[in-house]
Amino acid sequence: MSSAQDPFYIVKEEIQESIDKLQSSFHQWERISCDMGDQVHLTKDLLAACESIEWKVDELDKAISVAGRDPSWYGIDEAELEKRRRWTSTARNQVGNVKKAVVAGREVNISGTASVSGMRRELMRMPNSQQADKSNQYTQDNDDFIQSESDRQLLLIKQQDEELDELSITIGRLGGVGLTIHEELLAQEKIIDDLGMEMDSTSNRLDFVQKKVAMVMKKASAKGQLMMILFLVVLFIILFVLVFLT
């Protein structure tokens, strides 16, 4: 199977595009001032994108595991499987690094104890109740968004499963109809074959009778035919006398 037709490379290309967009948004996020409201919205978007990409990579990993049970059936070898596993591991690390940096940056914005350049370092939270409330609010909003996306993905998967079940039932019905038609055609073909054999046998018999008659007619001379006619005339006269005059 070529790379253009392999579902793995199709999904891989889609995930790679998502990672490229994620990194572009992350660089934009790094340039935004920490006290601007745009960074809060962009932080939520980045975390949601990380969750989405991680989910896609996990699903791709599951598909690779399934293919690893019987690589020959999927037309791939162990080297290709290992190459695919390395790519998913690299993709997961890239997304994980962005996610850690964004989470660290969010911690910095809440605590107010570091600048944007130190967003990748783990910081201790300040014992400030107001900042803790904001952190909890941001965390709750992010969790709600992630849960919403997760529910939406599960709903889509469920709908796809239902559609596949309906398609499977329809294919089963079509297969049954096709099998019935095939059996009917075989029965009709047998009947036609039997009829053809009977017609051949009848034709052979008719040819045989015609040949016998021709031989008899050929052997009989003109005199023999005349004697046969006279005999039949005499026999007719005798029968006539017996029936009508006695």
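Author: Glutamate 82 and arginine 85 form a salt bridge, with their closest N and O atoms 3.7 Å apart; the term stands for a side-chain nitrogen of Lys or Arg within 4 Å of a carboxyl oxygen of Asp or Glu. Both residues lie in helix 3, 3 residues apart, about one turn of the helix. Glutamate 82 is partly exposed at a relative accessible area of 37%, and arginine 85 is partly exposed at 33%. Partly exposed is the range between buried, under 20% relative accessible area, and exposed, over 50%, with a 1.4 Å probe and protein chains only.

This is a predicted model, in which local features need pLDDT of at least 70 and side-chain atom pairs count only at pLDDT 80 or more, while totals for chains, interfaces and linings use all residues. Residues are numbered from 1 along each chain as its sequence is written, and side-chain values use heavy atoms, with hydrogens and water left out.

Side chains of opposite charge can pair when their charged atoms come close. The structure holds 9 salt bridges. In one of them, glutamate 51 meets lysine 99, the closest N and O atoms being 2.6 Å apart. This pair links distant parts of the chain, since glutamate 51 belongs to helix 2 and lysine 99 to helix 3 (residues 78-111), 48 residues apart. Glutamate 51 is partly exposed at 25% relative accessibility, and lysine 99 is partly exposed at 22%. Glu51 and Lys99 also join Glu54 in a network of salt bridges.

Arginine 92 and aspartate 58 make another salt bridge, at 3.0 Å from N to O. Arginine 92 sits in helix 3 and aspartate 58 in helix 2, so the pair ties together parts 34 residues apart in sequence. The relative accessibility of arginine 92 is 30%, which counts as partly exposed, and aspartate 58, at 35%, is also partly exposed.

As for the whole protein chain, the secondary structure comes to 5 helices and 0 strands, where helices (H or I, at least four residues) and strands (E, at least two) are DSSP runs numbered from the N terminus. Of the 246 residues, 20% count as buried. Among contacts (heavy atoms within 4.5 Å) with a separation of 6 or more, 63% come from residues 24 or more positions apart. The chain exposes about 18300 Å², of which carbon and sulfur atoms supply 60%; the areas come from the Shrake-Rupley method with a 1.4 Å probe, and for residues only the protein chains shown count as cover.
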